[in-house]
Amino acid sequence: MNLENYKQYFTKEYLMGPNSLRLLGEIITDNPQAIQSGNVLDLGCGAALSSILLAKETKAERVYALDLWVSPTDNLKRIRENGLEDKIIPIYGDALALPFAHEYFDCIVSIDTYHYFGCEDNIFGEKILPFLKVGGYALIVVPGLKCEPEGHYAELMKEWAEDEAYMFKTKEWWQSHIIRFCEEQVEVSVYESSQFDLVWQEWTDSGHEYGARDAEFLEKGLKDILNSVMIVIRRKN
């Protein structure tokens, strides 16, 4: 997979944080067994760039690009620009009230979105897992922590993330959180992305005002404790 083919999207007009396309590329490259065919749900697709990558770079037959905040009409424009109108379906929808039949998806993907709604108890087991086929995979990437912040780092996190600081968790927390309510139904693997420096550098270099603010906090010490958490879930037979 050559992500340089997507560099026109590595700009402030499209990026909404650390480069989500690179993070998606990493997790699907690490787990090639996850998308072999069928229907894929891009949960919280944003500007549908992740959906475009999924349609072009995997064996998905149909990608459903679902988002609550970005208009499906706007996303359709980008989908058409890439000649993927027959392969990607843009949808307006809420991750906690998915408008699909149960066991419809071979894979569910969520990049830098899941932490906004998935920190509550049993969200995955109740709201997401039912829509995944038996044997299917969920690939989730969230911003996270290398360790629980203390002292200066705790104060820095609170100043930087404000009311959203609670969404940042360690990989150990995510592992426990996912399996706590549905351990008998899933297999879970959680690890850190190997691209922290690159995905953040591309974000802070994008010219976005929030990226510039993030760069200041990274230099103050956030880079010592932040990471990207990769969560791979398989629904058991």
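Author: Leaving aside neighbours within four places in sequence, glutamate 192 is in contact with Lys146, Lys171, Asn227, Ser228 and Met230. Contact here means heavy atoms within 4.5 Å. The model is predicted, so local features require a pLDDT of at least 70 and side-chain atom pairs count only at pLDDT 80 or more, while totals for chains, interfaces and linings use all residues. Residues are numbered from 1 along each chain as its sequence is written, and side-chain values use heavy atoms, with hydrogens and water left out.

Reader: In which strand does glutamate 192 lie, and is glutamate 192 buried, exposed or partly exposed?

Author: Glutamate 192 belongs to strand S7 (residues 186-192). Strands (E, at least two residues) and helices (H or I, at least four) are DSSP runs, numbered from the N terminus. Accessibility is read as follows: buried is under 20% relative accessible area, exposed is over 50%, and partly exposed lies in between, using a 1.4 Å probe and protein chains only. With a relative accessible area of 32%, glutamate 192 is partly exposed.

Reader: How is the packing of two helices described, and what is the angle between H7 and H8?

Author: Two packed helices are described by the angle between their axes and the distance between the axes. Axes are lines fitted to C-alpha atoms, for helices over the stretch in contact, and angles run from 0 to 180 degrees between N-to-C directions. Helix H7 (residues 196-204) and helix H8 (residues 209-220) pack at about 135°, with their axes 8 Å apart. H7 is therefore oblique to H8; angles under 35 degrees count as roughly parallel, over 145 as roughly antiparallel, 65 to 115 as roughly perpendicular, and the rest as oblique. Phe196, Trp200, Trp203 and Thr204 in H7 meet Tyr210, Gly211, Asp214, Ala215 and Leu218 in H8. By class, the residues of this contact are six nonpolar, two polar and one charged. Ala, Val, Leu, Ile, Met, Phe, Trp, Tyr, Cys and Pro count as nonpolar, Asp, Glu, Lys and Arg as charged, and the others, Gly among them, as polar.

Reader: What is the angle between H5 and H8, and which residues meet there?

Author: H5 and H8 pack at about 175°, with their axes 11 Å apart, which means that H5 is roughly antiparallel to H8. His152, Leu156, Glu159 and Trp160 in H5 meet Arg213, Asp214, Phe217 and Lys220 in H8. This contact has three nonpolar, one polar and four charged residues. Tyrosine 153 also lies in H5 (residues 151-161). At 29% relative accessibility, tyrosine 153 is partly exposed, and tyrosine 153 touches Gly221, Asp224 and Ile225, not counting residues up to four places away in sequence.

Reader: Which residues of helix H3 are buried, and where do the exposed ones lie?

Author: Asn75, Arg78 and Ile79 are the buried residues of H3 (residues 72-81). Viewed down the axis of H3, they fall within an arc of 105°, so they line one face of the helix; the arc is that of the directions from the helix axis to the C-beta atoms. The face turned away from this buried side carries the exposed residues Thr73, Lys77 and Glu81. The buried residues of H3 pack against helix H2 (49-57) and strand S3 (88-92). H2 itself is mostly covered, with seven of its nine residues buried.
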